[in-house]
Protein chains: 2
Amino acid sequence: MSMNTTVSRAEFTARYFVESSVPAEKMAQVIAGEQSSGTFLSLPGETAQLKERSRARVVNIHSLPPALEPSLQSAYVERRGSHGVFHRAEIEIAFPVENVGCNLPVLLATLAGNLFELGEVTGLRLLDLDMPVNYASQFPGPAFSIEGTRRLAGVHGRPMIGTIIKPSIGLTAEQTAAMVDDLCGAGIDFIKDDELIANPPYEPFERRVAAVMPVLHKHADRLGRMPMYAFNISGSIDDMLRHHDTVLQAGGTCVMVSVNWAGFAGVEHLRRHSQLPIHGHRNGWGSLTRHAALGFSFEAYQKLWRLAGVDHLHVNGLRSKFWEADESVLRSARACLSPFAGVPALMPVFSSGQWAAQAPDMYRQLQSTDLMHLAGGGIIGHPDGIHAGVASMREGWDAAVAGKSLDSYALTHPALSRALSHFGRM
Amino acid sequence: MSMNTTVSRAEFTARYFVESSVPAEKMAQVIAGEQSSGTFLSLPGETAQLKERSRARVVNIHSLPPALEPSLQSAYVERRGSHGVFHRAEIEIAFPVENVGCNLPVLLATLAGNLFELGEVTGLRLLDLDMPVNYASQFPGPAFSIEGTRRLAGVHGRPMIGTIIKPSIGLTAEQTAAMVDDLCGAGIDFIKDDELIANPPYEPFERRVAAVMPVLHKHADRLGRMPMYAFNISGSIDDMLRHHDTVLQAGGTCVMVSVNWAGFAGVEHLRRHSQLPIHGHRNGWGSLTRHAALGFSFEAYQKLWRLAGVDHLHVNGLRSKFWEADESVLRSARACLSPFAGVPALMPVFSSGQWAAQAPDMYRQLQSTDLMHLAGGGIIGHPDGIHAGVASMREGWDAAVAGKSLDSYALTHPALSRALSHFGRM
């Protein structure tokens, strides 16, 4: 069912999966009302003019087969009784841009606010969103995106091969620097802090930067490019800005933030201050997405962080240690790389349980090397050492891009060959 | 099963519901590892000393009856196969304070990060957390709490009766001010903006404040107390601080923030700047809590926002239009009022579908009037007008505190009587 009214006002749109105890048409109207000019009663203040300016409208309803059990419990439905049918649909709602303006927290309150709690709702997921280019352009967006990241890292025409400093937390600054030295010596492109370490009392942020940066500079002199290190600056606003400045002044090229917990206002503020790419870590994301009838799809989520100005965003990995299916991971990566209202693309970051073997599937599915491929054990655990670990990842990608099988490519590439025989058995 | 090791280090603890394809004992160890000093391999860097300082430990495992179907899908489990049994338990994990320090985003990454996505996990919910007083005291916490809010509003010994400006969005500043005038004239204690309106292009924030504040001052002169108006300042960091200052300079007494979307860094930053109580709006909360095997319990959630420095927090209402069961709403309100590591209490805010009738159940269950009771239609839709609407709410609470039934109290209180006959039929 399509309901295209001619409306001259500028609008952004949201597409939801909705399951409810009332028919989808009614539910869509309730959501449009609640999330715009809704009220408890028909009030004298709610004039036709106000509605025309402010009321969200239902653009489309695509019915889906109903469910006989609710996906999510609702005491409201239990109290009122249901007809034993839970209506399902994908609905699309258009909101006036003028209701929100350039305001990420209010955009979120509008797209993803109280609607999750409505009594009739037994399932609700924000699937996607879209907006006019001249509205999207009011938000900061990625300052570096893929091109800017490649330029700073000096890596072109192939994926950025990276790793994570482990153990996640507990290393001294000196131990971290020694590990960075080994990794850079092995030809790594990108290293990141774990999300659990930022500025712990036992080893303050400044000391970590002071220990790591000279190592990066040393290898930059040798390589003609500086391996990119994403320092985790997640923290208070003042800490994030100060730590960004510490990294910048030391000649570093990337900062990392736990986006869900710094929050939209925090990340946007950092972005407006930052002179470095922002590596977006999405830890906690599982809580927002793991139930198919609740929360957010990654397609919508990445657009919101793209507006806020993140440059890289994690997408898990193929055949990873995480819950997510490979096709979902690939869909996420494609979303990061896809056009969205003129906002620059995100560099997708693949990680968890990765080694050289995932490269061919990734390349065949994405037809792109604009990504970061992070391996932990797949690099550090290579039987011939870290250098061979990094080499095996690059060789895996060389084979993938050349359209050759890993097995045949491995015949002339010993690092890949050893990776296949070692990790292939695990 | 209890595993009390003597550990001298300071720790904070988290209690989770966990469902997994592997036994709870193993899952608990995996989570403790992943969320502290875990690594892909046993590395030379991970010394015994590092583990002792940094490794989280499993404090307790309380087994629950297993499930035969997973609560949440996991491609990892499907790939590896399961034994058709999904182990369930409540587990408690202790994390070293030194891993995090005073850092809300990293505290969240530790308590609620990647663990939601672990492949073996088919259910995970943060149920509760606790921490030492001298760790909690490093976070800002509520500056006003209940006492400070009451002092600014001049309301003591009874709940604060409040309402929300509706339509949610679309009113001009003058229309809003006219509504505020009516509400203050009717004796209201508290008014809030809807979460959908903050600083829309068609009616900027400053104009709304400029129109509303003189009305509040006029009634303050008359009443000897100024009704509290929570202006929604949700927005960028700069906007939030500037709009806070606008409200403060105009003599206002409260600001409101959509906490999930401003985020922990944003709310904490506002708190450190603010000279006014922060009214915490939790819109979007449903996405984090509506599935019982995923996300966050309110008990844990309110503690996190309490650390960040929110003063009031929404808890829905009894017999509301939302999905939540009454016992859950009451549990949330009790959580706001309960001691937590020396951090001041939150004022719980009840709303949605409220009128005088909920007061006796609320009081009987909570034995407290330290709360806000917000009614929309229950005040504005009273058949004898807004004045009678506010009066009926107060009379409902007077009856509740006096231990009298609403029906008997209504015999001598016409506003309550009319509310019962009007809303009682709806």
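A salt bridge is taken here as a side-chain nitrogen of Lys or Arg within 4 Å of a carboxyl oxygen of Asp or Glu. The model is a predicted one, in which local features need pLDDT of at least 70 and side-chain atom pairs count only at pLDDT 80 or more, whereas totals for chains, interfaces and linings use all residues. Residues are numbered from 1 along each chain as its sequence is written, chains are lettered from A in the order in which they are written, and side-chain values rest on heavy atoms, with hydrogens and water left out.

Between chain B and chain A, two salt bridges are counted. In one of these, Glu34(B) pairs with Lys321(A), the closest N and O atoms lying 3.5 Å apart. On the side of chain B that touches chain A, the largest share, eight residues, is supplied by helix 10 (residues 259–273) of chain B. The residues of that side comprise 39 nonpolar, 40 polar and 16 charged, with Ala, Val, Leu, Ile, Met, Phe, Trp, Tyr, Cys and Pro counted as nonpolar, Asp, Glu, Lys and Arg as charged, and the others, Gly among them, as polar.

With contact defined as heavy atoms within 4.5 Å, 95 residues from chain B and 95 residues from chain A take part. The area buried between the two chains is about 7,900 Å², of which carbon and sulfur atoms give 60%; buried area denotes the accessible area (1.4 Å probe) that two parts lose on being put together, summed over both.

When the copies are superposed by least squares on the C-alpha atoms of residues with pLDDT of at least 70 in both, chain B can be laid on chain A with an RMSD of 0.0 Å by a turn of 180° and a shift of 0.0 Å along the axis. The two copies are therefore related as by a two-fold rotation axis. Gly263(B) has the C-alpha nearest the axis in chain B, at 1.9 Å from it. Both copies use the same surface, since 100% of the contact residues of chain B recur in chain A.

Chain A has 18 helices and 13 strands, these being DSSP runs (H or I, at least four residues, for helices; E, at least two, for strands) numbered from the N terminus. Along its principal axes, the C-alpha trace of chain A spans about 75 × 45 × 40 Å.

Over all chains, the structure holds 46 salt bridges. Among them is the pair formed by Asp128(A) and Lys303(A), whose closest N and O atoms are 2.9 Å apart. Asp128(A) belongs to strand 4 (residues 121–130) of chain A and Lys303(A) to helix 12 (residues 298–308) of chain A, so the pair ties together parts that are 175 residues apart in sequence.

A cis peptide bond, with omega about 0°, joins Lys166(A) and Pro167(A), and Pro167(A) is placed in the loop between strand 5 (160–164) and helix 7 (173–185) of chain A.
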